[in-house]
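Dear colleague,

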Amino acid sequence: MSFITWQYFLFLPLIFALYWQLPPRGRLPLLLAASYFFYACWDVRFLALVLTTTVIDYICGLSLGGRKLGRGWVLLLALLPAAWLGVSHLVFSFWGWGQVSPTLIAVAGALGLAFFAAHEGVWAWGGDKRNKGLLILSVGFCLAILGFFKYFNFFVDSAQNLLRFTGLQANFVLLHIILPVGISFYTFQSLGYVIDVYRGTSPACADFLTFATFDAFFPQMVSGPIERGKNLIPQLEDLGIFHNSYIHDGLRLILVGLFKKVFVADNCAVIASYAFDPQTALNGPWAILGVVAFAFQIYGDFSGYTDIARGSAKMLGIDLMENFRFPYFARNPSDFWSRWHISLSTWFRDYLYIPLGGNRGARWDTIRNLAVTMLLAGLWHGANWIFVIWGAFHGALLILYRFAPFLSGFMAKEEKLWWRRAAAVILMFLLTLVGWAIFRSASLAQLGSWFAALGNWQAGDLSWQKPSLWLLFHIAPLLLLQTITWKHGDEAKLEHLPWPARGLLYTALLLLVVSSSEQDQEFIYFQF
Amino acid sequence: MKGLIKPAFVLTVVLIVLLEVGARVFFSQDVSGRFDYGYHPDAGFAEKADGTVQLFRAGGRRFHPQSFPKERPDGAFRVFVIGDSIPRGPSFKGAYVWQLGDELRKNQVPAEALNLAVAGFGVRRCRLVLNKAIQYNPSLIILHVNHTNEYEDEREWRRSQEFKGWHPRHWLMKLFIFRRVYEMKLERVFWKWVPGRIRQRHALSDADAELAASLDDEKTRQWRQRVEEVTRESVDLARRRHIPILLVTQCRLESNPAHSPRLSDHDLDALGEYLAGPGVYHLSMKQVFARVPEFESHFADTGHLKKSGHHLLAQAIFQKLQEEGLLTGLTVQEGRATEAN
């Protein structure tokens, strides 16, 4: 179920009403059931993957915290995903909705048994070795699932090409694998929790229901923010009393999110899709128009999703972390990554960059750490070399910013002169646009055409003037909104305005959303 | 509950209510029938207090803005042209309807030629336009016969029926103000600033579905059958009201790299000939253009005509009207369709 469907606008009020009517002990089961229903609306089978990740990380987390479950419980939980598939198979067959493959059930069962055996084996080790073993077990299983569903064909295809390049012939089998929605998001969220428990920075969650809800909380499960256990789990353990502010803040966030998604992103997509269509003969103006359109499309799309997610959670009394903070006003690459997809960039910082050594070592160590982190951050976005190049591009920017004195001086965050600050913002935005051109290109050939088009300023067969007005029409209100909220550091914070101004703004946002309401586009980040 | 409702929220609700009332008072005509997708019986026709009828874009009927007296002036020769994008033309004055009016007046016929054609209209929606137009005492109806818009007719019918229900998908648009804002942006921003080529690609799913349907033999057979039935009904209606009707069967330009371009009527000419009889006339576009050297130069694409093509068609229709004696006895008087804006 997507946030911008009519189904969601019935689902959320229903859950909201039920949630606050129930006594606190009944709310968590409701949240879990709602979250599983929300996810199952895409594909019931993939709920087994969510359950697998949940079970593995719950058991490993608990064991890491020194509170091992009994063998029977571990076995029962390990077989839960297979049981879910089995029940789905029976229900589907009964109602004639199709079938869940028995092979799939058998694989899920085998995976559960393998995990059970491995866990019991590792538990027998004792001491620090056990903890490391449990961490490896959890990370290994979860990344194996993610790797299979997201990267199997990519790696097989790449290996095949490499062998071909070296003159060897290989015909590996490529599988038809459907990418489960949000797999990268919930896998990383779950892994973050296990690593925190291993490090001792977060307590193990003892209640399975709480942990399962943490792993599958519907507002943020499929596209983030990638939450931390220490932020979300305590909130789920203490579902408090209703405050009026929940509904005020929640609705405001949802309205701002809808504005960003429906008005800004979906309308910019009209231009971006044309400019990045392989059939389009690009020239300079269209190459620029296309990439600017995509920059605002992806920003409106993803930050809009985050705002709706935060708003939905807020209505249930839960605060999710901020994920975007005026990223196109960043003054340097490091500043950009502290404003863009914050939950992912801090995840990579905390669980990869710093463990690799961060910037504490020699210059070359830091360069290596930055490069590895950004390459993997790029690969996280999708199984395509284009994303790896995009990651490499941003890695190179971060390295240059850190070690090229001119750039680090010019783009310094502490700069006092306003015009130098403005120049740094413009330069960073231009660099970000180059990054988006890489990100949006379907292939290296298309990326090459985009760069080539920048040198072609001859008039094309399609005028760019009116489409740029279309783009401006959709970007200007966003920039105006950001000007209003800039000083308060939150893109959706409007409480500082007097109530008449807020009333007018809400009306305007609502009308802008409605003006574009018939274009039904999926969120870009669902594919990641 | 204390503090639940905030002044800003109240202001938003009040503003929406005020705007809604304003829209219903001042724009109801423009918005009425918007979600009937051309199936509203009256949309696009506004009878004014001064005794004129205005044609405007509303209810999925994107008429060229025009006006004419509700009561046909004595002796005036009032022609209504009903059809799809082909008679609608590349522009109001570029369409043959305007040129036909000029040609008639040049020949001392006091003509009002009104273009009631709307792009994408198939036989069923044309029939509804005919039902309305016939109330204004036309001297002649020119009805274009074509079968390439049946997919759109079906799709828009489905949409109109869906919208009439209380499906949550349509709740927002039940408010007039929201419809009006949506409509304004669509017509004044989207259509003006986004080139047609981009809009076409943007609507890929619709285009794909249309292509798939047009390749389905059973579907196309049903469409042809419907074109025959509804055209026959339209002819019967005109006959009952003693209004002469000219059926213009359209043709398409078909090109094959191996052969020179050729015109195809897709058996519509046979239908036109079959229906022709007392008060019912037939003109084949295929025959009109087949006798013109390099006829393909008058086509903008496979179906639409350039201005020169419209000129040829206007001439042919004028000649047909003369041959059939439809202009006999008409004298010069006041009365002419005017472009509203």
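This is a predicted model: local features need pLDDT of at least 70, side-chain atom pairs count only at pLDDT 80 or more; totals for chains, interfaces and linings use all residues.

Helix α4 of chain A spans residues 71-78, and A:V74, A:L77 and A:A78 are buried in it. Viewed down the axis of α4(A), these buried residues fall within an arc of 100°, so they line one face of the helix. On the other side of α4(A), A:G72 and A:L76 are exposed.

The loop position A:R228

A:R228 is found in the loop that connects α9 with α10 (229-237) in chain A. With a relative accessible area of 10%, A:R228 is buried, because the cut-off for that class is under 20%. Its side chain makes a polar contact of 3.0 Å with the side chain of A:D350. Beyond its neighbours within four places in sequence, A:R228 is in contact with A:F214, A:S343, A:T346, A:W347, A:D350 and A:Y351.

The loop position A:L179

A:L179 sits in the loop between α7 (127-165) and α8 (183-199) of chain A. The relative accessibility of A:L179 is 30%, so A:L179 counts as partly exposed. From A:L179 to A:F148 the C-alpha to C-alpha distance is 9.5 Å, with the two residues 31 apart in sequence.

With kind regards

Technical notes: Residues are numbered from 1 along each chain as its sequence is written. Chains are lettered from A and ligands numbered from 1 in the order in which they are written. Side-chain values use heavy atoms; hydrogens and water are left out. Helices (H or I, at least four residues) and strands (E, at least two) are DSSP runs, numbered from the N terminus. Buried means under 20% relative accessible area, exposed over 50%, partly exposed in between (1.4 Å probe, protein chains only). The arc is that of the directions from the helix axis to the C-beta atoms. A polar contact is a pair of N or O atoms within 3.5 Å; within protein, one must be able to donate a hydrogen and the other to accept it, and residues adjacent in sequence count only if both atoms are side-chain atoms. Contact means heavy atoms within 4.5 Å.
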